[in-house]
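Student: Could you take me closely through one part of this model, its salt bridges and the elements that carry them? I would like a connected account that keeps the cut-offs in view.

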Amino acid sequence: MIKKFEIKSHDGPGRIGKIDGNLTPKLFYKNDLKIAPSEGSAHNVDREIAEFNVKETLRLAEENVDECDIAVIQGSKYIDLRVNCLKQLEEIGYNGFIIANGDALLTNSKDLVEIIVALKKEAKKSSYFIFPFTEVSFMPILTYMGIDGFLTDSANYYSHLNVLQTPTKAYDLNNYPIYEDISQEELEKKNIENMEFVIREIHAHIKNRSLRNLVEERSGTTPQNISTLKILDRNYMDYLLEYTQLF
């Protein structure tokens with residue numbers, strides 16, 4: 001059931017690839033994926049709980065490897081547990097991964113950067129990563145760090161909050177009535193359309209070797225964007241430069 005992932009080009013750690021004939025980074029719909037069951041927990045839990053959840057996740061992943069093509073990387077805030085979970089899932093036979101606790105990681109830039117960079121450094125080149133929950137303005141920097149796809153769940157979540165996600169800003173339509181009398185289903189559709197537009201932006205910038213420009217442009221849209229880019233530049237410049245072409 002494992003899908004072949006081919007890397008086509010890089011712009012820094014960000015990359016264009018291909019899965020089933022479709023270019024990545026791409027949007028993934030959960031109903032189209034065969035995700036192995038896992039034992040989840042909150043991001044900030046005691047290590048003993050995180051260790052138990054990793055063991056259970058690995059057991060469930062192995063039991064379902066013949067039917068599933070995506071596994072979930074658990075481990076909460078513990079980087080070594082996340083890396084260990086990844087490596088054992090790869091040994092079981094998976095090459096597509098969802099990084100658990102995406103919503104919590106977005107509010108903790110340090111953990112977000114450290115976990116993603118650690119996973120990317122240790123992963124096989126044929127492995128691809130899906131981020132489960134994100135704001136649209138955050139998609140370029142996640143791609144820049146090496147994320148290959150995004151679940152569309154956040155579009156549905158924000159539509160229930162009556163929030164419009166745009167490439168640069170999230171609008172609470174109760175306070176900013178950009179669209180009046182819009183249904184939840186219509187708002188979800190617009191949020192997905194904006195996610196699709198940013199995917200197109202990302203592809204165009206990677207092809208033009210200007211993904212960093214897009215990341216810097218969006219870095220001022222939220223405090224999380226600002227702090228994430230600062231941490232990347234301060235602590236992981238060697239990682240960012242690994243695939244960056246010299247001119």
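Tutor: Arginine 212 and glutamate 216 stand 4 residues apart in helix 8 (residues 211-218), so about one helical turn separates them; helices here (H or I, at least four residues) and strands (E, at least two) are DSSP runs, numbered from the N terminus. The side chains of these two residues meet in a salt bridge at 2.7 Å, N to O, where the term requires a side-chain nitrogen of Lys or Arg within 4 Å of a carboxyl oxygen of Asp or Glu. Arginine 212 is partly exposed, with a relative accessible area of 24%, and glutamate 216 is partly exposed as well, at 39%; buried means under 20% relative accessible area, exposed over 50%, and partly exposed in between, with a 1.4 Å probe and protein chains only.

Before going further, please note that this is a predicted model, in which local features need pLDDT of at least 70 and side-chain atom pairs count only at pLDDT 80 or more, while totals for chains, interfaces and linings use all residues. Residues are numbered from 1 along each chain as its sequence is written, and side-chain values use heavy atoms, with hydrogens and water left out.

The 17 residues of helix 1 should span 24 Å at 1.5 Å a residue, and its end C-alpha atoms are 24 Å apart, which agrees; the expected span is 1.5 Å times one less than the number of residues. Other residues of helix 1 are buried, among them Ala50, Asn53, Val54 and Leu58, and what covers the buried residues includes strand 5 (71-73) and helix 2 (79-92).

A search of the whole structure finds 14 salt bridges. One of them joins the side chains of lysine 3 and aspartate 20 at 3.3 Å, N to O. Lysine 3 lies in the segment before strand 1 (5-11) and aspartate 20 in the loop between strand 2 (14-19) and strand 3 (22-24), so this pair ties together parts that are 17 residues apart in sequence. Lysine 3 is partly exposed at 22% relative accessibility, whereas aspartate 20, at 53%, counts as exposed. Asp69 is linked with Lys3 and Asp20 in a network of salt bridges.

Note on methods
Contact = heavy atoms within 4.5 Å.
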